[in-house]
Amino acid sequence: MKNSPFRFLMPVIAVAAAALCGMLVVALSGRDPVDISAKLYRATLGSGYGTGQVLFRTTSLIFTGLAVALPFRARLFNIGGEGQLQLAAFAAAVTGALLPASMPAFPAVVLTAFAAMTAGGLWGAAAGALKVRFGVNEVISTIMLNFIAQALAGYLLTYRFAMPSTEHTAEIVPHAMLPGMDDLAGLFAGSPANLTLPLAPAAAALAAFYLFRSRAGYELRALGSQPEAAAYAGIESSTHRILIMGVAGALAGLGALNLVSGYRHYYEAGLTGGLGFSGIAVALLAGAHPLWIVPAALFFGLLEYGGLAVGAYVPKDIFMIIQALAILMVIVLNARR
Amino acid sequence: MEVMQDALRLSGVCKKFGTIEANRNVSLGVRKGSIHAIVGENGAGKSTLARIIYGMHRPDSGTIAVHGKSVKFASPGDAIAEGIGMVHQHFMLVPAMTVTENVMLGLENKPLFSAIPMKTASACIRRLSGQYGIAVDPDARVETLSVGEEQRVEILKLLYRQAGILILDEPTAVLTPRETLNLFDVLRSLKNEGKTILLITHKLDEVLALADRVTVMRQGEITGTVSCSETSKEALARMMVGRNVLLGVDNPPPSPGKIVLSVEHLGYRTAKGVQKLAEVSFKVRAGEIFGIAGVEGNGQSELLALLWGMHDRKGAVSGNILLGETDITGRSPAAMAALGVSHIPEDRLKHAVVPGFTVSENMLFGRHREPRFRRGAGFNRQEVGEYVKKLVTRYDVRCSDVDTIRLEALSGGNQQKVVVARELDRPGMRLLILAQPTRGVDIGAIEGIHRSIIETREHGAAILLVSSELDELIALSTRIGCLYKGSLRRIFTAEEVEAGRSDILRFGQEIGLHIT
């Protein structure tokens, strides 16, 4: 039963069903679903630029999806991806701007990435520590930490780091900027897809290795699946919980790197645009499996950019309906088994 | 026999959960106005039976009659309507509400927006309290009450609903001795007022002190119903814990060596102040099996938890546990394992395995830190594969593919074989702690497990065996300690046990004297 192919087909069924429902809504709004689908295809995967736009969003979604999926395996629900993403983006932008212009590209990029991962990681680990030390429910603490992150980044931006008469930080030094896929390989002409794009599936593969092949992942899955037995087997749950929340935050940090070093080159309010929250949906759709995160993130990336691209014909809200329906469908199908 | 009508009559009740038969062909008559006890070990099926009577479970087959009328309960609501009430082991009270509010809660016969007749209810509760000698202040908030008082509120709830048949599930488990006596007075006065009481328990003293008749359950079946005036603790204990299978394990004379485990004046008091263990002292030598006999709930769980460092740290520990010369009191499970201690916990599925993991992963569970299994950050898959294959063959674990089949898909016997194999194979093992090693295991597998335990002893490990199966203890143990109310009451020497093995029935009764 539990290993039946249905388990792998389920997300596919859910996505297909949600897409059909979406088309139905399009039809009800008085548009031709076939025509809209064709337009959607042309605007996204039908062109190099469109594909790049989709993949750019997919990249951050893979990271924020992993940031939810990994703690999930230890029975921790990380709602804090958005806050971790925001702080990491801010840290990357400020660090990148403060670096000397003469610094060579490699250390500049690494330092920026380090700043992003540290900021996100500490924010995640904080929730883990609150859980382990004081028993604070991680859902509550990560939501609160989201608020704090948003307010903190907003305050620092407005009163400390905003460029005169603008609402964003200084641009990062050119050497800290990540080259676009266009410059690197001539792919996805002019789109914001950049060097972090190949990094994302690599991170997913690494996460899968960690979970299913490493001793640490073995312990993590054991304590997530049967905490009492794990304690009897001498597994230290506290360390694992704090660590995995830290790793989650650091992964969200890499998602921020995609936005800052790869594309916008500075921090401004609204830069993260809820990609941290969408990560929750991605992880749910993927059943918290690191490798399934990749197609799930692609699906959400497609809808997020697709919604923008055909916004002139149908309201973007329809795409939000499809996203939400896919998630509900997965949960319902899961509950039925 | 038919002078008084039965308040409750069950005929041929069966209930299965998955493949486990929790109740098998249970037939039982409870006389009106009597206190009827149902005794049995944990897992004997008495709680399931209580839930069936209370409408929480539906029986697969069989019939239930209340006061001669055949009934079919779809929910506890139906049972309540027939005058059946139940006091659960864990109370169902709202702490922030008063006694009166709690008693009234769930009275569905009032229109939704009508005023609650609080004064009348309060007066009614006062009257009931007086009538049955149940002392409790109707206006006190439940969170301010003691456990004993909370229980009285639960009983008042049933009386307020005019229940004629009261089911109490392990009512004294949470009570102090004084509160227990108080409860008995209440139950006696309820009986004198014509109420029928069904008492679910495993404490034989209480049964004999209080009940009129007692039904003994074992492994889902009723082994007998007797009148309390015509039975004894020993006879009941025998009915409860005996297992009439021939235990044909060959037990050659042991040759005990150095002392491996010394437990010295061990005591444990819970955070709530209940003394669970007091002055427990014993030693286990290399090459011997020290058995601990006792009816469940007499401190076995606490002793096992202390030995594995898994006790509730809020409680107070006194005395020492030594492994060889090293004091290991309160050490963590990982530290114990590293010192060469293996442990097979009593609750296998909860504490010994991860049911959702594969058989291979479970074979490694708790031993995954051993250097031989490591490679880089992961596992040496070849080494693990060979290790698992070796143990699966040697312990005859029936499983088609150890790398894909989840442990939860195996039978209880095969699950336990996985645990036994993993723990007995631990390199450099000096001490083996076994708790109920054959519980829920089919007879075929029991023999194999017993043989492995004796073999482990022959290899020079010290073994502590906690079991509620007297036959098993007598067959395997070198010496046997009798645990009763948290203290070791009597330790049978190797000679006594050896002599006892020739007449297991008589020896079992002798042990029964010391554990009840």
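Modeller: Start with how angles are taken: axes are lines fitted to C-alpha atoms, for helices over the stretch in contact, and angles run from 0 to 180 degrees between N-to-C directions. Note that this is a predicted model.

Biologist: What makes H3(A) roughly antiparallel to H11(A)?

Modeller: The axes of helix H3 (residues 48-72) of chain A and H11(A) cross at roughly 170 degrees. Angles over 145 count as roughly antiparallel. Therefore H3(A) is roughly antiparallel to H11(A). The two axes come within 7 Å.

Biologist: Which residues of H3(A) and H11(A) make the contact?

Modeller: On H3(A), they include Phe56(A), Phe63(A), Leu66(A) and Leu70(A). On H11(A), Ile244(A), Leu251(A), Gly255(A) and Leu259(A) are among them. Residues in contact have C-beta atoms within 7 Å. The residues of this contact divide into 15 nonpolar, six polar and no charged. Gly counts as polar here.

Biologist: Which residues touch the most other members of the largest nonpolar core?

Modeller: Leu66(A), Ala88(A), Ala89(A), Ala116(A) and Ile293(A) do, in a core of 262 residues. Helix H11 (residues 237-264) of chain A gives the most to this core, with 14 residues. Leaving out residues up to four places away in sequence, Ala89(A) touches Ala256(A), Leu259(A), Val260(A), Tyr267(A), Leu271(A) and Thr272(A).

Biologist: Turn to chain B. What is the strand order of the open sheet of six strands?

Modeller: The order is E16-E19-E20-E13-E21-E22 (chain B), with mixed pairing.

Biologist: Why do strand E16 (341-344) and strand E22 (487-492) of chain B stand at the edges?

Modeller: Each has a single partner strand, so one side of each lacks a neighbour in the sheet. On average, neighbouring strands of this sheet are turned by 15 degrees against each other, direction ignored.

Biologist: How do you know that E13 and E21 of chain B pair?

Modeller: Pairing takes at least two bridges. Strand E13 (residues 289-293) and strand E21 (residues 479-484) of chain B have four bridges, in the parallel sense. Cys482(B) in E21(B) is the bridge partner of Ala293(B).

Biologist: Which strands does helix H14 (residues 412-424) of chain B touch?

Modeller: H14 packs on the sheet and touches E16 and E19 of chain B. Its direction makes about 170 degrees with that of E16(B).

Biologist: How many residues of chain A are in contact with chain B?

Modeller: 15 residues of chain A are in contact with 23 residues of chain B. On the chain A side, H9(A) gives the most, with five residues. That side divides into seven nonpolar, five polar and three charged.

How values were computed
Residues numbered from 1 in each chain as written. Chains lettered and ligands numbered in written order. Predicted model: local features only at pLDDT ≥ 70, side-chain atom pairs only at ≥ 80, totals over all residues. Core = buried A, V, L, I, M, F, W, Y, C linked by C-beta atoms within 7 Å. Buried ≥ 20, exposed ≤ 12 C-beta atoms within 10 Å, placed from the backbone. Helix = DSSP H or I, 4+ residues; strand = E, 2+ residues; numbered from the N terminus. Contact = placed C-beta atoms within 7 Å. Parallel < 35°, antiparallel > 145°, perpendicular 65-115°, else oblique.
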